[in-house]
Amino acid sequence: MYSVNYHRANSVADAAKLLKTGDAKLLSGGMTLIPAMKTRLAAPSDLVDVSRIAALKGVKVSGKTVTIGAATTHFEVSTDAKLQKACPALAELASMIGDPAVRHRGTIGGSIANNDPAADYPAAMVALGATIVTNKREIAADKFFKGLFETVLKDGEVVTSVSFTAPAKAAYQKFRNPASRYAIVGVFVAKGKATGKDDVRVAVTGAGDSGVFRAKTIEAALAKSFDPAVVAGAKVSADSLMTDMHASADYRANLISVMAKRAVAAANG
Amino acid sequence: MSDISLSVNGRQVRATVEDRTLLVHFLREHQGLTGTHVGCDTSQCGACVVHVDGKAVKSCSMLAAQASGSTVVTIEGIANGADLHPVQAAFKEHHGLQCGFCTPGMIMTATDMISRHPEGLDEATVRAELEGNICRCTGYHNIVKAILAASQAMSKASKPKAKKAA
Amino acid sequence: MGMEGIGARVTRKEDKRFITGSGRYVDDMVVPGMKHAVFVRSPHAHAQIKKIDVKGAQAMPGVIAVLTGKELKADGIGNLICGWMIHSKDGSPMKMGAWSPLAFDRVRYVGDAVAIVIADTKGEARDAAEAVEVTYKELKAVVDAVKALEKGAPQLHPEADGNLIFDWEIGDAKATDAAIKAAHHVTRMKIVNNRLVPNAMEPRAALGHYDKGDDHYTCWTTSQNPHVARLVMSAFYNVAPENKLRVIAPDVGGGFGSKIFIYPEEVVCLWASKKAGVPVKWVADRTESFLTDAHGRDHHSTVEMAFDKNNRITGLKVDTVANLGAYMSLFSSSVPTYLYATLLSGQYNIPAIHANVRTVYTNTAPVDAYRGAGRPEATYLLERTMETAARELGVSPAELRRANFITQFPHQTPVIMCYDAGDYGASLDAAMKAADYAGFAKRRDKARKAGKLRGIGMSCYIEACGIAPSAAVGSLGAGVGLWESAEVRVNAVGTIEVLTGSHSHGQGHETTFAQLVAGRFGVPIDSISIVHGDTDKVQMGMGTYGSRSGAVGMSAIVKALDKVEAKAKKIAAHLLEADEGDIVIENGALKVAGTDKNVPWFQMALAAYTAHNLPGGMEAGLKETAFYDPTNFTFPAGCYICEVEVDPETGVTEIIQFVAADDFGNIINPMIVEGQVHGGIAQGVGQAMLEGAYYDPSGQLLTASYMDYTMPRADDLPSFKVSTSNTPCPGNPLGIKGCGEAGAIGSPPAVINALTDALGIADFTMPASPSRVWAAAQKH
């Protein structure tokens with residue numbers, strides 16, 4: 001790791017101010033940033049630690065509205081009793097991220113701000129039609145994620161929470177890279193209460209060559225009938241999927257189909 | 001440089017460290033607690049697992065400065081004097097270690113796992129929960145056996161107490 | 001023999017320090033004034049070094065020295081060598097290319113070391129290493145051994161025309177060709193044995209300390225054989241004469257072969273310690289380990305197996321190309337030759353065998369022994385071929401094997417080895433029973449109804465361990481003898497120290513070796529200490545590899561114990577005024593047989609050291625040394641059965657059960673032996689299902705961290721069903737065969753035989769990762 005200056009922010013305002021120092025980066029759980037710094041792939045001049053800001057922590061459920069503070073750890077999300085009731089699929093997704101030690105440190109805000117193309121949360125955010133709240137604005141998840149490791153976040157902007165309306169049905173199915181255990185394909189399926197357009201949202205992580213995306217063909221099929229059997233007829237093209245040593249685009253296309261089918265089955269209970 | 005203050009194995013410790021110092025290096029090089037190991041660069045092997053504020057974390061993926069104000073427990077701090085922690089005893093009893101390099105991380109992960117599963121553990125859960133700990137010697141067979149045995153031993157030991165409290 | 005002697009499941013004495021965080025590994029060592037080293041490594045697989053500019057780096061904060069290969073060479077440090085001479089079939093010696101510990105004119109693989117930077121902290125050393133400016137002229141690289149042999153391939157070493165190191169053969173080509181010609185059936189296969197990275201959890205490390213006052217070097221290193229390291233560094237690398245060089249291998253976090261070899265880093269750290277005037281510590285990070293630890297396997301072979309009309313094997317012909325990487329590592333030449341082709345008879349009566357082996361340089365990490373070393377390659381080739389033959393012949397895989405088993409011992413194979421004892425049918429029966437082989441069809445049908453594909457496969461392996469008779473290996477080209485030493489010191493109060501040349505890095509010697517002594521003299525196991533891993537304490541030893549610590553290392557201890565016992569009995573007889581022949585040792589006392597006259601063990605020991613009343617002419621003290629040289633290899637063997645279930649939608653392959661039935665000869669501690677088998681199976685299953693080292697065509701290692709190299713994790717594996725049915729080894733005093741490598745040798749073909757059975761396909765190249773299995777299932 002290169003030399004770096006560590007700052008601990010006491011508030012969001014404090015963090016925003018500290019972010020103006022040199023080439024500063026926010027540090028939350030550090031589960032991606034610290035390893036990247038260790039291998040010298042990331043070299044911020046300053047780190048602004050937001051993980052102890054109380055205002056950024058915790059899960060709130062009010063009616064159907066779920067709000068999760070950005071510095072809430074995966075472990076806290078996965079074990080939150082209110083969330084397990086309101087949106088068990090998201091709690092379960094959190095329990096599938098990394099390993100127990102990683103879940104104790106890694107946070108939802110850190111994960112979505114980093115937008116690793118193989119991270120789990122982006123799929124949930126997009127499928128749930130979540131809103132990403134920052135110290136400056138509110139951003140729809142559909143517009144928040146941009147390509148690989150990129151978001152619409154501007155300099156000095158701090159993700160403070162995410163919020164969404166709990167779906168009627170949802171499930172996440174993850175197919176892990178056998179080595180890294182990140183998603184080769186992760187499919188989050190959510191069904192709202194309404195009918196028609198946008199009632200069913202299917203978001204895919206780990207597979208797209210420009211990050212998380214919605215599988216519109218599968219969404220259309222499921223909007224007609226929320227049944228695992230219809231997924232097979234709504235194949236995803238391999239054209240814009242990644243190929244690497246662990247999985248070809250064709251294999252990923254197949255896995256999207258299989259994971260979507262299994263997610264629908266799980267969502268239906 | 002950062003001035004840090006934290007509790008390590010029950011003792012309050014103060015130090016001035018380079019900001020880039022990882023918690024694992026602080027423990028090994030500044031505190032002489034060499035039981036915590038480094039086996040990879042990518043936070044995957046788990047040889048460095050310690051407890052920070054009661055939770056298992058990878059000390060290779062956390063700055064010492066981030067741990068300032070926290071309570072850290074390492075493999076050196078879990079035995080009760082000369083009495084081994086039940087997980088330590090189970091690893092010995094069931095031959096859950098060979099070269100010993102991954103063992104401290106395994107034991108710290110196992111104690112955390114057992115405490116998060118007061119309802120008890122089964123083999124599949126133990127194997128899934130060991131995702132972040134790699135062992136090259138044992139094939140995990142006896143590690144799984146040791147953790148299951150320790151979990152049972154600890155639940156037996158804690159039950160009479162629970163009754164008393166009730 | 002009691003609760004602590006031979007055969008008892010004694011929990012390990014060494015565990016206390018490991019479970020309490022008190023183990024002492026090289027990275028835990030601190031020497032006053034110690035500084036930290038980082039190596040500058042080649043980012044190119046093949047390049048000329050035009051210039052190395054260290055000025056900028058030298059000026060960086062905390063930097064003490066930046067040293068290069070030119071300085072190393074100027075100081076007379078020698079090139080690294082391969083210590084086993086193999087001659088090609090035309091009589092020419094193997095072509096050993098020059099391997100400087102620090103490259104100065106040319107780099108030949110990504111990770112080749114070109115300079116060492118020494119600084120106050122590791123962080124500063126790394127900062128400065130980035131500031132060392134190396135100007136390279138890139139050359140074309142070749143990573144595939146078969147391609148490296150082609151005309152026009154990039155050439156690695158001027159010494160080795162066409163990248164060919166040697167073209168070697170064993171067996172009778174004429175007789176084998178005749179058998180194939182006359183065969184009723186011939187099974188032909190192409191077999192790839194995938195390249196692996198050993199991945200001991202403790203990365204390699206070295207701490208070199210030159211003491212100016214004494215003109216003496218100490219090297220703490222992650223070694224399986226510190227004495228061999230000292231011998232080689234002294235005799236060949238010109239670091240220091242043996243009396244001025246102490247090598248210590250303290251607690252070592254796993255080896256699996258990869259820590260046998262003497263690597264550039266320990267040599268350079270020792271030299272740099274003198275040059276820079278400070279103790280120098282280097283610890284590999286994991287990616288450095290991936291790039292520079294000796295890799296394993298990487299064979300491409302073709303095989304023809306001939307059968308007569310009764311399904312008896314009549315001949316076996318094998319052609320193998322083995323990738324040895326950029327340089328010849330210490331024992332690299334022996335692995336694809338005498339540790340491989342000599343095992344091609346397997347458990348079978350094969351009248352004619354011929355194998356041809358070509359070894360090749362490529363722009364990849366050096367390849368050398370990894371758990372099993374040659375024997376897994378032989379077993380995989382043979383057992384995949386047997387399985388395929390059974391399918392082609394339409395007979396049961398078990399019965400085809402059984403019909404060809406060797407049943408009479410000793411058995412001389414056509415490829416050097418003389419098997420001394422075994423009962424292959426017993427292992428096969430035990431494994432089939434434990435696996436409920438007969439019930440498989442029902443399980444398969446049930447799985448099919450659930451949309452899953454089940455398969456079952458077996459593997460009957462044999463290996464040669466307990467390496468090895470010195471005269472025999474000497475005649476085959478080995479540069480060293482493969483005996484082992486032991487020294488038994490009985491202290492004045494009766495406690496015992498056993499000094500052994502074997503090294504324990506997970507195998508539990510501190511327990512099993514103590515069990516041997518406890519059983520022999522009836523003294524408490526806690527009164528016995530096993531000392532190993534330090535050239536200043538143990539006179540000489542050959543170390544731990546090739547499942548040799550029990551069969552060879554313990555045999556040396558037995559020899560020393562024989563001498564101790566003889567002297568102890570003499571002393572006791574004198575004290576008890578009895579005849580020496582009437583003295584027996586029981587429960588910690590020396591007794592006159594048939595009487596109640598006795599002298600406790602500790603009193604006898606005290607008498608040896610007070611020397612007030614010893615038999616006339618007897619020397620004081622009680623300490624004996626022995627060197628044991630084995631008379632033959634040992635031949636552990638067994639049968640492994642694997643049952644898998646494939647999810648055809650995803651290619652995920654689950655191991656439903658894995659059964660191992662082994663014959664290890666006599667067993668000292670069943671708990672430790674089972675642990676060795678578990679670990680070996682995990683590595684074998686890892687090779688079959690998860691692991692593989694891949695280079696891109698330019699020579700970049702694509703699997704250089706745990707993000708891309710799939711290590712077996714707990715949820716990849718089942719619990720294993722292991723058992724033993726043992727025929728004692730007649731070749732050594734304890735009847736031990738060895739158990740360290742069997743699991744890794746026997747398991748890969750069992751897994752792939754099961755997988756190809758499930759998928760109904762003829763062949764599959766390891767590893768069976770989900771994407772590859774899915775692709776294979778699509779084609780089918």
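**Entry 1: a glycine in chain C**

I started at C:Gly692 and, leaving aside neighbours within four places in sequence, found it in contact with C:Asn194, C:Arg195, C:Thr703 and C:Pro767. For me, two residues are in contact if their C-beta atoms, placed from the backbone, lie within 7 Å. This is a predicted model, in which local features need pLDDT of at least 70 and side-chain atom pairs count only at pLDDT 80 or more, while totals for chains, interfaces and linings use all residues. Residues are numbered from 1 along each chain as its sequence is written, and chains are lettered from A and ligands numbered from 1 in the order in which they are written.

Where does C:Gly692 sit? I found C:Gly692 in the loop between H18 and strand S28 (721-724) of chain C. My helices (H or I, at least four residues) and strands (E, at least two) are DSSP runs, numbered from the N terminus.

Is C:Gly692 buried or exposed? C:Gly692 is buried, because 22 other C-beta atoms lie within 10 Å. The cut-offs are 20 or more other C-beta atoms within 10 Å for buried, 12 or fewer for exposed, and partly exposed in between, with C-beta atoms placed from the backbone. I also checked C:Thr413, 279 residues apart from C:Gly692 along the chain, and got 32 Å between their C-alpha atoms.

**Entry 2: chain C against chain B**

Next I looked at the contact between the two chains: 43 residues of chain C are in contact with 45 residues of chain B. On the chain C side, helix H1 (15-19), helix H9 (286-292) and helix H18 (670-690) each supply at least two residues. H18(C) gives the most, with seven residues. I sorted that side of chain C into 17 nonpolar, 17 polar and nine charged residues. My classes are Ala, Val, Leu, Ile, Met, Phe, Trp, Tyr, Cys and Pro as nonpolar, Asp, Glu, Lys and Arg as charged, and the others, Gly among them, as polar.

**Entry 3: inside chain B**

I checked confidence here, and the mean pLDDT of chain B is 95, with 95% of its residues at 70 or more. pLDDT is the predictor's confidence in each residue, from 0 to 100. Over residues 161-166 of chain B the pLDDT is below 50, and I found zero contacts for this stretch beyond near neighbours in sequence.

Chain B is divided into domain 1 (2-77) and domain 2 (86-159); such bounds come from an automatic or database domain assignment. I got 22 Å between the centres of the two domains, taken over C-alpha atoms. Here 15 residues of domain 1 of chain B are in contact with eleven residues of domain 2 of chain B. S3(B) gives the most to the domain 1 side, with three residues.

**Entry 4: two helices in chain C**

How do the axes of H16 (residues 549-576) and H17 (residues 601-610) of chain C cross? They come within 10 Å and cross at roughly 95 degrees. H16(C) and H17(C) are therefore roughly perpendicular to each other. I noted that C:Ala568, C:Ile571, C:Ala572 and C:Leu575 of H16(C) meet C:Met604, C:Ala607 and C:Ala608 of H17(C). These contact residues divide into seven nonpolar, no polar and no charged.

For the angle, axes are lines fitted to C-alpha atoms, for helices over the stretch in contact, and angles run from 0 to 180 degrees between N-to-C directions. Angles under 35 degrees count as roughly parallel, over 145 as roughly antiparallel, 65 to 115 as roughly perpendicular and the rest as oblique.
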